[in-house]
Amino acid sequence: MRVQDRLAFLLALVPYLLDNDGVPVAQAAAHFGVPEQRIRDAVELIAMSGVPGETKAYQPNDLFDIDWDRLEQRDEIAITHQVAIDDSPRFSAREAAALIAGLQYVAALPANADRETVARLTAKLTRAANGAPAAVAVEGGADTRLGLVREAVAAGTVLVFDYLNGRDEREERTVEPLRVESVDESWYLRAWDRTRRALRTFRLDRMRDVRTLDGAAPERPEDIELPERIFQPSKQDRSVTIEVAEAVVPLLADYLGDRPQTQPARRGWVRTRLRIAHLHGLKRLVAGRGGQVVVVEPEDARDAVRDWAAAGLARYGSDTI
Amino acid sequence: MAAAVSNEERLFSLVLALLATETGLTKADILSSVQGYRQRYRANGGNASLERQFERDKEDIRDLGVPLESIELPADQGAVQYTRYRIPKGEYDLPADVTFTPQEIALLDLAALAWREGSLSGESRRALLKLRSLGIESEEPLIGFAPRLRARDAAFDPLQQAIERRRVVAFGYLKPGEDRVRRRRVAPLALVQFGGRWHVHGTDLGARDRRTFLLSRITGPVEETAETFEAPPGEPAEEARAGLRAVFAANRALLELTPDTDAAARLGSRGEPAGEGVVAVHFTDLALLADEVAAFGPEVLVREPPELVDAVRARLAAAAAAHGGGTGG
């Protein structure tokens, strides 16, 4: 963790401890969402710290102090002497801007907040910031299925829907919904798929006829854990070599990762490798980049892209350039 | 010799010392007396590396939104050793009348968690700490709901900083259909995400008018100039958003979608029905919609506008040709 984050943690913890005299270590850890050891380490550091004082020698009266016996015997934190700090710090302008933008994004979702709440909170955050936050606005886009799916997650209801998978096959899926996630404008449901007996990720905009299966008990294993990343590489993934115009590389971050390994190719282009689950996704990705992404090998991947683009072109009554 | 003082302890001690002083401390006071510096301080000079440490620490502390002031004493204008440093408590403390309800905390938690990656994730994490500091328990946490905002464009951070500092920026911008990057000088006013993409809105000093730029079309670094500007009246973020909404409403494409395909599912979800198998989709940027439509290959036939037909055909033709298709392929 960066030292700035550590400092921010100390500056946040002190006023909390002052306001919550005798708070158990476990409760403080739960409140801040950190391990108990992190609280203990911070409290120990706070108790050693203070101001130089008149003598400039950090005399006992210039330092914070805590009730050590109480900490050791009852695992409770009580500050018995405080210096310099008593209130929570203000937000930085950037912190306030981040919260305001995030607020606009989540407020655009169903059942979150009305415009009035957002305006009130924005005003409060602006006043609580040191410096004017940069103006940041987010126009969110919600999916029409979001309300229903979100309710099902909260209630633990089993969902049934028709799903069109990435291979253009439509089939009925029965799932135990676990989490609704979004990436900017795209919405995903992560769920236990009862037929596949595995965790799967579904795009909300590919679902049709979403309905609940009332009264169904969960079947998934109890110890199941959702990985943090939405897309998991699979052993069955294939590797494809592509050449990409340099300007386009950042736009492919979702597929290449934030720090893709690239080699120089012809002038203005780089060569890199892409892992894909199937050619259906690849041909779309490449066709949408109008020649700025080129599949080098394997041959069947090149053919798939060419056929896809040519078929698209043929719809306009021409197959030549 | 005393055990080494951690960076964390030194920074914390510096904040405490500067909060406790009314009149301010000189650099010499700080280096010679504050925990973490005093252990390395040499009374007879040669403290250059310690001074550099102090400069970095000041920046780190200010970055957190702590109002660390330097006061130049009038009589000693320009003499660095007489600059005094302090953190005025009134500007450090969260104003007492700013309070949040448990419902508001729950909403702000969600807002902060939306920035889980990339730009602003560090800021959100620290903002969340400060919210926790108030000791308000959030209303029922929203289990199983994880909206996520991203700002992956490299231009985002420098633009946000320039907006805060009211500095004119210069950057290269590649408009679709043009083959040459043009240099723009812009007084940036607001960042707006619309349709999942980040835009910067500001005064284009070349065109002498307000403009909105797509961050993904900025090429090369965003350079902050020394030139500053006055904030114009009004709410630039709202004006930019209203502008994008108006463009979005005015631009309409008619797309024929092949039933039971990815295109029908995804573009169909976004548009309004406009006849048998046809949907009307609104858009802010023709080139971006053309990228998206071309990706669906034969699943979409563009009916209108003709410019979109041309743009999609050009993309498909280029993709086919690059993979050995087209004339003579």
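The side chains of A:Arg203 and A:Asp205 are joined by a polar contact of 2.9 Å. A polar contact is a pair of N or O atoms within 3.5 Å; within protein, one must be able to donate a hydrogen and the other to accept it, and residues adjacent in sequence count only if both atoms are side-chain atoms. The model is predicted: local features need pLDDT of at least 70, side-chain atom pairs count only at pLDDT 80 or more, and totals for chains, interfaces and linings use all residues. Residues are numbered from 1 along each chain as its sequence is written, chains are lettered from A and ligands numbered from 1 in the order in which they are written, and side-chain values use heavy atoms, with hydrogens and water left out.

A:Arg203 belongs to strand S11 of chain A, residues 198–203. Helices (H or I, at least four residues) and strands (E, at least two) are DSSP runs, numbered from the N terminus. A:Arg203 is buried, at 14% relative accessible area. Buried means under 20%, exposed over 50%, and partly exposed in between (1.4 Å probe, protein chains only). Beyond its neighbours within four places in sequence, A:Arg203 is in contact (heavy atoms within 4.5 Å) with A:Tyr163, A:Ser186, A:Trp187, A:Tyr188 and B:Arg266.

In chain B, UniProt lists "domain: WYL" (unreviewed entry) at residues 155–219. This span is 15% helix and 55% strand, and its end C-alpha atoms lie 9 Å apart. UniProt also lists "domain: WCX" (unreviewed entry) at residues 261–320 of chain B. UniProt positions follow the numbering used here, feature names are shortened, and annotations may be inferred rather than shown by experiment.

An open sheet of 4 strands in chain B has the order S11-S12-S10-S13, with antiparallel pairing. Strands S11 (272–273) and S13 (300–304) of chain B are its edges, each pairing on one side only. Pairing requires at least two DSSP bridges between two strands. Strand S10 (residues 252–257) of chain B pairs with S13(B) over 4 bridges. B:Glu256 has B:Leu301 in S13(B) as its bridge partner.

The axes of helix H5 (residues 93–107) of chain A and helix H5 (residues 102–113) of chain B come within 8 Å and cross at roughly 105°. H5(A) and H5(B) are therefore roughly perpendicular (65 to 115 degrees). Contributors to the contact include A:Leu99 and A:Leu103 of H5(A), and B:Leu107 and B:Leu110 of H5(B). Axes are lines fitted to C-alpha atoms, for helices over the stretch in contact, and angles run from 0 to 180 degrees between N-to-C directions.

Conventions
Parallel < 35°, antiparallel > 145°, perpendicular 65-115°, else oblique.
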